[in-house]
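Here are my notes after a pass through the model, as numbered points. Have the structure open while you read.

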Amino acid sequence: MKLEFFCEGEDYRIAGLIPSDTHLFCAPEGATPAKPKKGNKAPEYPKPCRSRSIEGKYTLMLHIDRKGNVKGAKVVKKWNSAEGDDQKKAHKLFLKAIQAVVKTWKYTPAKYGNTTFAVWKRVVIPFKLKN
């Protein structure tokens with residue numbers, strides 16, 4: 001499966017494409033939102049970031065199709081605790097870990113009545129070290 005990450009100010013073309021005909025969609029009142037299915041794994045903490053005590057937090061907009069598959073992702077906010085040149089390296093490592101699992105995630109599709117529809121869903125992925 002091809003999946004592309006776009007990041008404000010930088011273009012993270014990891015693999016794939018967000019369809020050009022995909023638009024941000026607000027669900028009608030009374031619709032059931034897309035919900036993650038059990039078994040969706042969290043991203044693995046990148047070992048180089050863990051060993052250097054680098055934390056991060058990434059906010060994505062996931063494009064979920066009418067079958068509940070993740071078809072694309074847009075990074076809308078990113079942060080990590082590294083400084084200088086290490087910050088860019090850490091971003092790449094965190095995004096690689098995110099991309100590896102997000103493309104496998106499954107959702108119960110958004111639904112209005114008996115009709116399922118594609119949506120964009122906001123997801124926050126923290127990388128936090130335990131004390």
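1. Let's start with helix α2, residues 85-102. It has 18 residues and runs 26 Å from first C-alpha to last, close to the 26 Å expected at 1.5 Å a residue. Its buried residues are Ala-90, His-91, Phe-94, Leu-95, Ala-97, Ile-98, Gln-99, Val-101 and Val-102. Keep Phe-94 in mind, as it comes back below.

2. Before going further, a word on confidence. This is a predicted model, with a mean pLDDT of 82 for the chain and 79% of residues at 70 or more. Where pLDDT is low, the predicted coordinates should not be read in detail.

3. Next, the hairpin. β3 and β4 (residues 70-80) pair in the antiparallel sense over 9 bridges, with 5 residues between the two strands. Gly-68, in the turn, has a positive phi of about 95°. Across the pairing, Lys-57 stands opposite Trp-79 in β4.

4. Now the rings. The whole structure holds 5 aromatic pairs. One of them is Tyr-58 with Phe-94, a tilted pair at 5.6 Å centre to centre and 50° between the planes. Tyr-58 belongs to strand β3 and Phe-94 to helix α2, 36 residues apart, so the pair links distant parts of the chain. Tyr-58 is buried at 0% relative accessible area, and Phe-94 is buried at 0% too.

5. Tyr-58 has another ring partner. Its centre lies 6.2 Å from that of Phe-127 and the planes meet at 85°, so this pair is edge-to-face. Phe-127 sits in strand β8 (residues 119-127), so the pair ties β3 to a part of the chain 69 residues away in sequence. Phe-127 counts as buried, at 2% relative accessibility. Together, Tyr-45, Tyr-58, Phe-94 and Phe-127 make one aromatic cluster.

6. Last, what does the side chain of Glu-55 reach? The backbone nitrogen of Leu-129, at 2.9 Å. Glu-55 lies in the loop between α1 (47-51) and β3 (56-64), and with a relative accessible area of 18% it is buried. Beyond four places in sequence, its contacts include three members of the aromatic cluster, Tyr-45, Phe-94 and Phe-127. Trp-79, Asn-80, Ser-81, Lys-128 and Leu-129 are also in contact with Glu-55.

Key: Residues numbered from 1 in each chain as written. Predicted model: local features only at pLDDT ≥ 70, side-chain atom pairs only at ≥ 80, totals over all residues. Heavy atoms only, no water. Helix = DSSP H or I, 4+ residues; strand = E, 2+ residues; numbered from the N terminus. Buried < 20%, exposed > 50% of the residue type's maximum accessible area, 1.4 Å probe, protein only. Polar contact = N/O pair within 3.5 Å; in protein donor to acceptor, adjacent residues only side chain to side chain. Contact = heavy atoms within 4.5 Å. pLDDT = per-residue confidence, 0-100. Expected span 1.5 Å × (residues − 1). Pairing = 2+ DSSP bridges. Phe/Tyr/Trp six-rings, centres within 6.5 Å; stacked < 30°, edge-to-face > 60°.
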